[in-house]
Amino acid sequence: MQMKHKPKLGQNFLVDDAARHAIVDALGDLSKRTVIEIGPGHGAITDILAGRCQRLIALELDRALAAELTFRFRDQPQVQILEGDVLKTDLRTLVAEGETADVIGNLPYYITSDILLQLLAAGSAGTLARAVLMMQREVADRVSAAPGVRDYGLLSATAQMNAQVDHLFTLPPSAFSPPPEVYSTVLRLHFAPRFTELGVAPEGFNSFLKLCFAQKRKTLQNNLRAAGIAVERLSAAWPSSIPAKARAESLGLEAMAELYRSLKSAAHE
Ligand code: SAM
């Protein structure tokens, strides 16, 4: 029997029992952790988490589902159900000063990228330590792709600049009710920003990455030229280790950071 659902809210509920346990297991020992769950739905993951973590904050946009869970967990003070939009929630306000939280969620697929960017920013700011997230397989493949492979792009570079990404497992549509049209993959992220290690400032480097990946079919030099960087400055600063015709997709983050630093120092000469 199919569960009642709102497709607009990305409601595909997890009904595979082994998978819901595997998702929670992927966060390891939670006995001293605060966990934020995104989109608890009917509580497939919430039910297991509630007994394992020190504090659980579950954020659900659907009023009826939030009410259902508030009633179900009314006698469990470690569980807080918040009705609201994750994208409009400042995650810092949910975590005590000086602490970090972990995030878990079978994400609503219509806003996967926005949620990922929000979590990467919160991870970089020191609010979050780890996340275990289910998303559509195509997006997970992009997040975890290595440079040089077809799926590598801005989302991969941004994610990997902020977190170490582990690809855990993939589920077929039949693991959900109603079944979505796509396969779903679970990733684990350990937030560990690399900006200091690579000698780049976060804001400047994030903007630089957007310019580098602006048009996939263009070379990196052409994308940077289109962004207004003069040819002379590009030739003066171009590191010898990077082929002149390289595309952004083929370069690792170390090479990207080297190019960024070199262009910056050329601008100050
Ligand atoms: N965790 C449940 C499960 O695994 O069965 C439900 C997952 S379902 C894919 C996504 C959930 O996110 C739904 O319950 C949906 O109502 C909720 N949701 C959708 N948009 C949201 C938003 N902007 N903020 C918070 N929750 C949202």
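The legends below describe close-up views of a predicted model. Residues are numbered from 1 along each chain as its sequence is written, and side-chain values use heavy atoms, with hydrogens and water left out. Because the model is predicted, local features need pLDDT of at least 70 and side-chain atom pairs count only at pLDDT 80 or more, whereas totals for chains, interfaces and linings use all residues.

View 1. The largest pocket has a volume of about 420 Å³ (a pocket is an open set of points on a 1 Å grid over the protein atoms alone, where a 1.4 Å probe fits, with protein on both sides within 12 Å along at least five of seven lines, and lining residues have an atom within 4 Å of a point; a volume is the space filled by probe spheres set on the points, which are joined across faces, edges and corners). Its lining has 29 residues, of which Gly 39, Pro 40, Gly 41, Glu 60 and Asn 106 are the closest to the centre. Two or more lining residues come from each of β1 (13-14), β2 (34-38) and β3 (55-60) (strands are DSSP runs of E with at least two residues, helices are runs of H or I with at least four, and both are numbered from the N terminus). By class, the lining holds 17 nonpolar, 9 polar and 3 charged residues (Ala, Val, Leu, Ile, Met, Phe, Trp, Tyr, Cys and Pro count as nonpolar, Asp, Glu, Lys and Arg as charged, and the others, Gly among them, as polar).

View 2. The ligand is surrounded by 24 residues, the closest being Gln 11, Leu 14, Gly 39, Glu 60 and Tyr 110 (a heavy atom within 4 Å). A ligand oxygen atom is 2.8 Å from an N or O atom in the side chain of Gln 11, and a ligand nitrogen atom is 2.8 Å from a polar backbone atom of Gly 39. Taken alone, the ligand exposes 590 Å², of which the protein buries 99% (Shrake-Rupley method, 1.4 Å probe).

**View 3. The second largest pocket.** This pocket has a volume of about 300 Å³, and among its 13 lining residues the closest to the centre are Leu 117, Thr 158, Asn 162, Asn 206 and Lys 210. Helices α4 (112-124), α6 (154-162) and α7 (202-212) each supply at least two lining residues, with the largest share, 5 residues, coming from α4.

**View 4. A cis peptide bond.** Ser 177 and Pro 178 are joined by a cis peptide bond with omega of about -10 degrees, and Pro 178 lies in the loop between β8 (176-177) and β9 (184-191).

Notes. A polar contact is a pair of N or O atoms within 3.5 Å; within protein, one must be able to donate a hydrogen and the other to accept it, and residues adjacent in sequence count only if both atoms are side-chain atoms.
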